Amino acid sequence: MKINDKRITSSWIPAVSILEEIIPHIKNSYLVGIRSIILLDKDYHQDKKTKALGRYAPIPGSNSANIEIYLESLSSMPDLAKNSRMYLSYLISRILMHEIYHHIVRGQGIKQMQRFKVEEGAADKWSLREVDSFFEKLFPADEYEEEWNNIHEAKRRAGLS
């Protein structure tokens, strides 16, 4: 699987190295058929009312897909969060796993496809569970607890929690 970095304005985020750390912790069976992860500044689809953080992009005529991750919106986070590799890794992990869920449903057909809103909720819950299963290996809680608390407090003060 390739990582294609096509960002300009969000290039300050070390997304490639974060993904290189995350991917080995994802079950290989989840990644079957994903050709590449494409990093972009923003969602180029103009028909959406809400800004997407990622997109599952099936490759026509195959069971394969690309995953697009849009990172420009992370620029509006508080500085404490923007400067935290741990926090950025968590957000990117959640986005990636959410889109992998769509691949499991649509590309691999392992899980049953549902209405879009139901599938979105299921993808959020599944991604949270999957990220929790490997994230503490990357950032042990006893070492990073204070950083998490500081980030949550900064988000609360900024009205983002």
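**Close-up 1. Arg85 and its salt bridge to Glu21.** Arg85 is partly exposed in this predicted model, at 30% relative accessibility. Its side chain meets that of Glu21 in a salt bridge, 3.0 Å from N to O. Arg85 belongs to helix H4 (residues 85–107) and Glu21 to helix H1 (residues 15–22), so the pair ties together parts that are 64 residues apart in sequence. Glu21 is also partly exposed, with 32% relative accessibility. Side chains of opposite charge can pair when their charged atoms come close.

**Close-up 2. The Arg55–Glu68 salt bridge.** The closest N and O atoms of Arg55 and Glu68 are 3.2 Å apart, and the two residues form a salt bridge. This pair links distant parts of the chain. Arg55 sits in strand E3 (residues 54–58). Glu68 sits in strand E4 (residues 65–70), 13 residues apart from Arg55. Arg55 is partly exposed, with a relative accessible area of 27%. Glu68 has a relative accessible area of 5% and is buried, because the cut-off for buried is under 20%.

**Close-up 3. Arg7 and Asp5.** A salt bridge joins the side chains of Arg7 and Asp5, with 2.8 Å from N to O. Arg7 is buried, at a relative accessible area of 9%. Asp5 counts as partly exposed, at 39% relative accessibility.

**Close-up 4. His102 in helix H4.** His102 lies in helix H4. Its relative accessibility is 2%, so His102 counts as buried. The side chains of His102 and Glu120 are joined by a polar contact of 2.7 Å.

**Close-up 5. The largest nonpolar core.** This core has 39 residues. Ile26, Ile69, Leu96 and Ile100 touch the most other members. At least two core residues come from each of H1, helix H2 (28–31), strand E2 (34–40), E4, H4, helix H5 (116–138) and helix H6 (141–157). H4 gives the largest share, 13 residues. In soluble globular proteins, nonpolar side chains tend to be buried together.

**Close-up 6. The surroundings of Ile100.** Which residues does Ile100 touch, not counting residues up to four places away in sequence? They are Ile26, Tyr30, Leu31, Ile34, Ile67 and Trp126. One of these partners, Ile26, is listed with Ile100 among the residues that touch the most other members of the largest nonpolar core.

Terms used
Residues numbered from 1 in each chain as written. Predicted model: local features only at pLDDT ≥ 70, side-chain atom pairs only at ≥ 80, totals over all residues. Heavy atoms only, no water. Salt bridge = Lys/Arg side-chain N within 4 Å of Asp/Glu carboxyl O. Buried < 20%, exposed > 50% of the residue type's maximum accessible area, 1.4 Å probe, protein only. Helix = DSSP H or I, 4+ residues; strand = E, 2+ residues; numbered from the N terminus. Polar contact = N/O pair within 3.5 Å; in protein donor to acceptor, adjacent residues only side chain to side chain. Core = buried A, V, L, I, M, F, W, Y, C linked by side-chain atoms within 4.5 Å. Contact = heavy atoms within 4.5 Å.
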